[in-house]
Amino acid sequence: MRLRLAEAAKGDFSFGAVIAREGKLAATGRNSGIRTNDPTAHGKMVAIRNFCASRLAAELKGATTGEPCSMCMGAILWSGFGRLVYAASIDELSTRIGQIMTPSKSLPEAAPFETIDITGGVLAAEALALFK
């Protein structure tokens, strides 16, 4: 989670992502939507793209990443991630910035073809502090 927070601090917005595979760092990403003029360049999307630039997308099966928006959660489900660990929740983030109020757990409920373990609140106060 500390790696994710470090990535977030470097982004256009304070969102970063780390993908772990078999207990090892596999890819990182940070929000670069302003710099790249790409509204889909969220930390999770960038991390997935970075992973797939050097590895097979099928190797994302069972990987781990952090709290996503609705777009990123869809990509996580389609990629077959096995675990999601996040800091601040959508509800907490909405007190600092605009959010689409769809918690990450709601999308897997609509996707019975995938199973994902979700853990939230890890270093949430530190993550929220990035949004001043």
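**Exercise 1.** Which residue in S2 is the bridge partner of Ala-17?

*Solution.* Keep in mind that this is a predicted model. Start with the two strands: S1 covers residues 16-21 and S2 covers residues 24-30, and they pair in the antiparallel sense over 6 bridges. Going across from Ala-17, you land on Gly-29 in S2. Now try Ala-20: its bridge partner in S2 is Leu-25.

**Exercise 2.** Work out how helices H3 and H4 are arranged, and what their contact is made of.

*Solution.* Two packed helices are described by the angle between their axes and the distance between the axes. Here, the axes of H3 (residues 43-54) and H4 (residues 70-79) come within 8 Å and cross at roughly 30°. Angles under 35 degrees count as roughly parallel, so H3 and H4 are roughly parallel to each other. Next, the residues: Lys-44, Met-45 and Ile-48 from H3 meet Met-71, Cys-72, Ala-75, Ile-76 and Ser-79 from H4. Sort that contact by class and you get 6 nonpolar, 1 polar and 1 charged.

**Exercise 3.** Describe the largest pocket and its lining.

*Solution.* First, the volume: the largest pocket holds about 500 Å³ of space. Then the lining: it has 29 residues, and the closest to the pocket's centre are Phe-15, His-42, Cys-69, Ile-97 and Gln-99. Checking the helices, H3, H4 and H5 (90-93) each supply at least two lining residues. By class, the lining splits into 16 nonpolar, 9 polar and 4 charged residues.

Key. Residues are numbered from 1 along each chain as its sequence is written. This is a predicted model: local features need pLDDT of at least 70, side-chain atom pairs count only at pLDDT 80 or more; totals for chains, interfaces and linings use all residues. Side-chain values use heavy atoms; hydrogens and water are left out. Two strands pair if DSSP finds at least two bridges between them. Helices (H or I, at least four residues) and strands (E, at least two) are DSSP runs, numbered from the N terminus. Axes are lines fitted to C-alpha atoms, for helices over the stretch in contact, and angles run from 0 to 180 degrees between N-to-C directions. Angles under 35 degrees count as roughly parallel, over 145 as roughly antiparallel, 65 to 115 as roughly perpendicular and the rest as oblique. Contact means heavy atoms within 4.5 Å. Ala, Val, Leu, Ile, Met, Phe, Trp, Tyr, Cys and Pro count as nonpolar, Asp, Glu, Lys and Arg as charged, and the others, Gly among them, as polar. On a 1 Å grid over the protein atoms alone, a cavity is a set of points where a 1.4 Å probe fits but cannot get out, and a pocket is an open set with protein on both sides within 12 Å along at least five of seven lines; lining residues have an atom within 4 Å of a point. Grid points are joined across faces, edges and corners, and a volume is the space filled by probe spheres set on the points.
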